[in-house]
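Please look over the structure below before reading on.

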Amino acid sequence: MIKILLFADLQEKVGKPELELKLEQITVEELKSELQKIYPLINLESVMTAVNEEYAMADDAIKSGDTVAFIPPVSGG
Amino acid sequence: MVDRYSRQMLFKPIGEDGQLKILNKHVLILGCGALGSANAENLARAGVGKLTLIDRDYVELSNLQRQQLYTEKDVHEQVPKAIAAKKRLLEINREVNIDAYVLDATPISLVPLLNDIDIVIDATDNFDTRLMMNDLLQKYQIPWIFGSCVGSTGMSYTILPKETPCLGCLLDRAPMSGATCDSVGIISPAVQMVVAHQTTEALKLLVEDKDSLRTNLVTFDLWNNYYHTMNVERAKKENCPTCGENPSFPHFSGEVSTKSEVLCGRNTVQIRTGRKVNLQELANRLQYVAPININDFLLSLEYESYRLVFFHDGRTLIHGTNSIEKAKTIYYQLAG
């Protein structure tokens, strides 16, 4: 089980702040494209990804039990 | 001094030594909107020696809900934000030396203002300017504190040249970023929360307490009750064009910088970002702002007294003004 935290407008588009996916192992990039298939409205191209509160790169592996956060940069000020 | 700053000096990590340092430091605040106003007020009250304020815009009624230095009188008189901010800050603390500049932040306009600046606070409203700053401040080796907010959310991160990952390391590509304050709104506590992080980091830098700096990127949502920190140490890229071994400073040198020009005789300004734009995505975001017209080639909408036309190739025409400053303000309000 992989826990996914959605921030800012991602949360709004998916309709909930958290998701759980039954997966054993997947890369960051693969997880993004999986989610994009399920939720075509969301755009994960320029979001930052944290795995267990640590910055993650596209080909980093995510394992069952990990918590993934997708953080869209907001621009206002 | 003793009385005025006594409560701050009683705070052990600052103390009398720290206060003396604060009184002799120079902070540049880029942008005098919500983040800029609140950071400037905090630092003026804290007794910072000198503030340089930069903003291209003037005060409007919709600013007053969150931009704490401004008044209805400033709206009525259409006072430039940097000027209105300086006036109010001097009422709060006339011992602070304040330089206010009404100008558009570009490498050319900023470089002469960087002399003796100790830190820069990011109070801009778009990533084009932030990535330009990221290059500029890396080149001139000035620490800066990124901050941004929208809705009930915000983020902040402290960047030390040559030490921490830079903003470019964290962003794989420049976000044609979703939400802006003008498309999905903003509540003032989100501003205050970002500012609380930015001013605290600024104070740590001003008293030279580097060990206490927050090294992670913080993201929060006050309405939905989360606070998330991300350790970013491993994000630093050796080949980063900004902070890597052979930097080319692409956003500073003009390689990918935004270009704006007035189209003669048309009362129109063209802005070119050099980034492809997904028009359908933009339409989804702006649908609550104004009625959208979209076809295979362009998206257009009426906003206030202006008409904006966005093209796929990253060009935008802003009809109804000959002012590049005004056009950029409108553009970033909508496109982010």
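When two helices cross, the crossing is called left-handed if the near helix is turned anticlockwise from the far one by less than a right angle, and right-handed if the turn is clockwise. That convention is needed for one of the points below, and every point should be read with the caution that the model is predicted.

**Overall build of chain B**

- Chain B contains 13 helices together with 14 strands, and because its radius of gyration of 20 Å is close to the 20 Å given by the globule rule for 336 residues, chain B is as compact as a globular protein of that length.
- Buried residues make up 46% of the 336 residues of chain B.
- Where contacts in chain B join residues at least 6 apart in sequence, 66% of them link residues at least 24 apart.

**Packing of α3(B) and α10(B)**

- Helix α3 of chain B, residues 34-46, and helix α10 of chain B, residues 188-206, have axes that come within 9 Å and cross at roughly 40 degrees, which means that α3(B) is oblique to α10(B).
- The crossing of α3(B) and α10(B) is right-handed.
- On the α3(B) side the contact includes A34(B), L35(B), A38(B) and L43(B), while on the α10(B) side V191(B), V194(B), V195(B) and L203(B) are among the residues that take part.
- By class, the residues of this contact between α3(B) and α10(B) comprise ten nonpolar and five polar ones, with no charged residue.

Definitions and conventions: Residues numbered from 1 in each chain as written. Chains lettered and ligands numbered in written order. Predicted model: local features only at pLDDT ≥ 70, side-chain atom pairs only at ≥ 80, totals over all residues. Helix = DSSP H or I, 4+ residues; strand = E, 2+ residues; numbered from the N terminus. Rg over C-alpha atoms; globule rule 2.2 N^0.38 Å. Buried ≥ 20, exposed ≤ 12 C-beta atoms within 10 Å, placed from the backbone. Contact = placed C-beta atoms within 7 Å. Axes fitted to C-alpha atoms, helices over the stretch in contact; angles between N-to-C directions. Parallel < 35°, antiparallel > 145°, perpendicular 65-115°, else oblique. Nonpolar A, V, L, I, M, F, W, Y, C, P; charged D, E, K, R; others polar.
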